[in-house]
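Me: Hi! Could you walk me through how the helices in this one pack together?

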Amino acid sequence: MSDAPPLSLRTSDYSLELVKLLLQVVWADHEVSAEEASRLRDFAREQGLGEAQLTELDGYLQGSAPLPPPNLGMLRAHRVEVMKSVRALLVQLGVGADEDDILSELSALLG
């Protein structure tokens with residue numbers, strides 16, 4: 001059993017908060033495809049999220065609970081890295097036309 005905090009808590013863990021932000025991004029169109037869910041799970045695993053956190057993430061990806069808000073204050077300190085990660089995920093997902101809109105909104109949120 002891991003001592004890692006649940007995704008629902010506000011933390012100062014960059015990887016955890018980035019996954020929560022990306023969760024918001026994949027839900028931006030009000031649905032999550034199997035491809036989006038798989039890519040985000042893979043990313044979360046690469047970021048070192050534990051099994052309990054991955055199980056919790058699956059629940060959010062399935063829409064069984066309200067999405068946990070990311071700690072935007074903490075993410076602002078890593079704005080460039082955050083924007084690169086979001087852009088990379090969007091490219092992997094082939095988002096295309098909506099990519100610029102999503103990135104513009106995130107850029108405004110992150111200041």
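Here is a short chat about the core and the helix contacts of this predicted model.

Me: Let's start inside. How many residues does the largest nonpolar core have?
Reply: The largest nonpolar core has 31 residues. Val26, Leu40, Leu57, Leu61 and Val86 are those with the most contacts inside it.

Me: Which elements give two or more residues to this core?
Reply: That would be α1 (14-26), α2, α3 (51-61), α4 (72-76), α5 and α6 (99-110).

Me: And which one gives the most?
Reply: α1 does, with eight residues.

Me: OK, Val26 then. Where is Val26 found, and is it buried or exposed?
Reply: Val26 is found in helix α1. Its relative accessibility is 2%, under the 20% cut-off, so Val26 counts as buried.

Me: What does Val26 touch?
Reply: Leaving out residues up to four places away in sequence, Val26 touches Glu31, Val32, Glu36, Leu40, Leu61, Leu89 and Leu93.

Me: Now the helix pairs. At what angle do α1 and α2 pack?
Reply: At about 175°, and their axes are 11 Å apart. Angles over 145 degrees count as roughly antiparallel, so that is what α1 and α2 are to each other.

Me: Which residues make that contact?
Reply: From α1 there are Leu18, Val19, Leu22, Leu23 and Val26, and from α2 there are Glu36, Leu40, Phe43 and Ala44. They divide into eight nonpolar, no polar and one charged.

Me: Next up, α2 and α5. How do their axes cross?
Reply: The axes of α2 (residues 34-46) and α5 (residues 79-93) cross at roughly 140° and come within 10 Å.

Me: Is the crossing of α2 and α5 left-handed or right-handed?
Reply: The crossing is right-handed.

Me: Which residues meet there?
Reply: Glu35, Glu36, Arg39 and Phe43 in α2 meet Ser85, Leu89, Gln92 and Leu93 in α5. This contact divides into three nonpolar, two polar and three charged residues.

Me: Last one, back to Val26. How far apart are Val26 and His78?
Reply: In sequence, Val26 and His78 are 52 residues apart. In space they are 20 Å apart, C-alpha to C-alpha.

Me: Great, thanks!

Key: Residues are numbered from 1 along each chain as its sequence is written. This is a predicted model: local features need pLDDT of at least 70, side-chain atom pairs count only at pLDDT 80 or more; totals for chains, interfaces and linings use all residues. Side-chain values use heavy atoms; hydrogens and water are left out. Axes are lines fitted to C-alpha atoms, for helices over the stretch in contact, and angles run from 0 to 180 degrees between N-to-C directions. Helices (H or I, at least four residues) and strands (E, at least two) are DSSP runs, numbered from the N terminus. A crossing is left-handed if the near helix is turned anticlockwise from the far one by less than a right angle, and right-handed if clockwise. Contact means heavy atoms within 4.5 Å. Ala, Val, Leu, Ile, Met, Phe, Trp, Tyr, Cys and Pro count as nonpolar, Asp, Glu, Lys and Arg as charged, and the others, Gly among them, as polar. A nonpolar core is a set of buried Ala, Val, Leu, Ile, Met, Phe, Trp, Tyr and Cys residues joined through side-chain atoms within 4.5 Å. Buried means under 20% relative accessible area, exposed over 50%, partly exposed in between (1.4 Å probe, protein chains only). Angles under 35 degrees count as roughly parallel, over 145 as roughly antiparallel, 65 to 115 as roughly perpendicular and the rest as oblique.
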